[in-house]
Amino acid sequence: MFHRESGYYKTTYKGDMAFYPLPVGRWSVALIGILFLVVVPLFLDPYYLSILCLISIAIVGALGLNILLGYTGQISIGHAAFMSVGAYTAANLITKLDWPFWLAVPSGGIMAAAVGVLVGIPSLRIKGLYLAIATLAAQFIIEWVINHTPAISGGVQASIEVPRPTFFGEKLDTEVELYYFLMAFAAVAIVATMNLVRSRIGRAFIAIRDQDIAAEIIGINVFRYKLYAFAISSFYAGVAGVLYTYYLSIANYEQFLIVVSIDYLAMVIIGGLGSVLGSVFGAVFVTLFPTVIRIFMDAFGSFFFDPVIQAQVTAQFRLILFGALIMFFLVVEPEGLNRLWLNIRNYFRVWPFSY
Amino acid sequence: MRRLDKLLFGAGLALAAAGAATSAGAAEIVIGLQCDRTGPTQTVGTFLCPGYHDYVSLVNSKGGVEGNMIKPLEIDHEYKVPAGVEAYALHKKEGAVLISLYGTPHTQALTQKLTEDKIPGTSPGFGTAAAANGENFPYIFPIAASYWSQASAGVEYVRTQLGGDLKGKKIAYIYYDNPAGREPLPVLHKLRDRLGFELKEFAVPPPGIEMSAQVLDITRRFRADFVLSHLFGRAPSVSMKEFKRAGYPLEQVLGFVWAGGEADIAAAGGFDRVEGYSAMQFAGVGSDYPVLDEIRAMYKADGKDPPEAMASTVYYNRGVFVAAIHLKAIENAIKAKGSADITGEDVKNGFEQISGFTLGGLVPPMEITGFDHEGGGWVRIFQVKDAKFVPVTDWFQGYRDAVVELLKEDASRQ
């Protein structure tokens, strides 16, 4: 609509490999960057920033699951457990050894990756539903171990309080500072995933997802790459867990129960399997949905319901609508919000001359 | 694709309207109310939260607190921590002077934020027992007996039931295998060493619907003289059935505060099936309290029937209890400040002046001080007799010194 796609010639390999070959793409990314780096923190109330903080954490976690589920085709119902591994690893390192965040965050991720590889080993032998159950078992085993090992959980309460991260001596304790802190990790995660999926490793993942026997025949070491997928996915989960710990300043296993794993599955399925942007959409959708429904019901609910029962109705309505919307998306657009977005974009690309 | 245009436009319009409608608000005293009406503990939230709202409406209908209207902003967080954190941020934005927390992980996740923002939060019957120490947790108010206080009161009740001396007696502690379930253990160990009874612990793994082995162990092998049962969710009703099936007298089973709601009794087969079962309560049970009569009268004046939730008196009354303590703290804050322009800090001080406020017996004779944020850890035992809950003790505290000792130990550890 506003731009032409023809007439841009690439004369270097670098130009050919760019994320955004068109100027309009680069400009929009720059604009979005400015929006979230400058405009949003300057003008938004801390409340909205807190939502964005939660979304940033969810993006990191959802990207991790999408690498495993969307790109490699290996299902995992233990994502939240890997998050808890990262959270407790970092919490122990921070409180016992006083590690700064730039060491604690990657070590939480690495620990989660190690556990993820262990859980991923059965994936060579079992697939699909069987693998789902194996990872489900991992969820319960990890939960149990954390819950019953005081050395990990820090005592009966199974929760470890963690101080706020410090950045060059500055304690990040306001909502704006935490927003920048978390948003930086989300941005790194997004860029890293975009690069990963078009690298040698990412293409191997996609080959395994599409047809693992064919992938093996063309020379991909399926075992190794499946374990890579588990390791990378768990690394993201672990990092998300550490970010949670920093944001809430506590590591608690009750934040990483099986429902959270299901939430993350919902994110990548609603957002779009095998797409980076889809993970972002899914994370935004699942995190924001309860809030939007609540705002909507606060505004319009009183027309339909008695105030006494409105609170009850709002709460139930949200669950019903959430379930209904998942079904709606799966039926109308099985490829998720990402496909919906692409449809809109493609429509406006040639608008108003559709044919 | 024309439809898509319209759809997007319509969605945008709806959002804009919703935004406009929520931004309108008058100068009222705002309380942030976190609820769980849809999550794993919905059997509590669906009764507790209406109780809270009804008491606030009652006070508002009588002119409010010192002439100021109270506005509880309820947010249902489905027992999910991120939703609870977001709810807190919204409450803070709306200027809440007090947060009614719900859920142990939420309380822990928000403890530091509440302390930084100087907004008091209450955690009746959940959260960490150590938070009763107001010197360590200045902005967390359990306002009801913590698990430590419940355990010590339970032992005291067992002592009176077993003839005044526990030496050589066998007490079984059956608990839900999670942090909350294990929390009373230090108190029980301390009291075991002091009073010389034999204690055996029986863990029930989540989700707590299978415990026949543990119950058999308690009744046949260990042959407990008394059972303390600290279970949640579906587990209490299962435990009642199992003890009944094992032929164990339910008079010798005492449930902690989340193991004795009307819904649990109904799930176990009804009141006539669990005759003798007793449960500990931190708010009065039953419908014979003047404040509940006033709420019914308020509904009647509006030409409505009282809500169905009122029939579930255990949790409904707890909602009334929590609201009453909150409004009392706000009243104290307004009186101390001389104006309605109060902050979270004023309300914190208001809490610490609460004493001798019993609301016709619904609230224990608690006294909240700068150190003791649980107000003394009072409980009352209600037993199922003739198919209803009957109080079998007065409000009492058990071995307060043991609990205070633990609170101090915990404080020195940090």
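Here is a short chat about how the parts of this predicted model touch one another.

Biologist: Which element of chain B gives the most to the side that touches chain A?

Modeller: Start with the contact as a whole: 34 residues of chain B meet 35 residues of chain A. Several elements of chain B supply at least two residues each to that side, including α1 (2-23), α2 (42-61) and β2 (70-76). The one that gives the most, with 8 residues, is α3(B).

Biologist: And how many nonpolar residues does that side of chain B have?

Modeller: Sorted by class, the side of chain B touching chain A has 8 charged and 8 polar residues. The nonpolar ones number 18.

Biologist: Over in chain A, how do helices α3 and α12 lie relative to each other, roughly parallel or roughly perpendicular?

Modeller: In chain A, α3 (residues 46-71) and α12 (residues 258-271) pack with their axes 9 Å apart, at an angle of about 70 degrees. Angles of 65 to 115 degrees count as roughly perpendicular. So α3(A) and α12(A) are roughly perpendicular.

Biologist: How many charged residues are in that contact of α3(A) with α12(A)?

Modeller: Among the residues making the contact are A58(A) and L65(A) of α3(A), and Y264(A) and V268(A) of α12(A). By class, the contact has 8 nonpolar and 4 polar residues, and the charged count is none.

Note on methods:
Residues are numbered from 1 along each chain as its sequence is written. Chains are lettered from A and ligands numbered from 1 in the order in which they are written. This is a predicted model: local features need pLDDT of at least 70, side-chain atom pairs count only at pLDDT 80 or more; totals for chains, interfaces and linings use all residues. Two residues are in contact if their C-beta atoms, placed from the backbone, lie within 7 Å. Helices (H or I, at least four residues) and strands (E, at least two) are DSSP runs, numbered from the N terminus. Ala, Val, Leu, Ile, Met, Phe, Trp, Tyr, Cys and Pro count as nonpolar, Asp, Glu, Lys and Arg as charged, and the others, Gly among them, as polar. Axes are lines fitted to C-alpha atoms, for helices over the stretch in contact, and angles run from 0 to 180 degrees between N-to-C directions. Angles under 35 degrees count as roughly parallel, over 145 as roughly antiparallel, 65 to 115 as roughly perpendicular and the rest as oblique.
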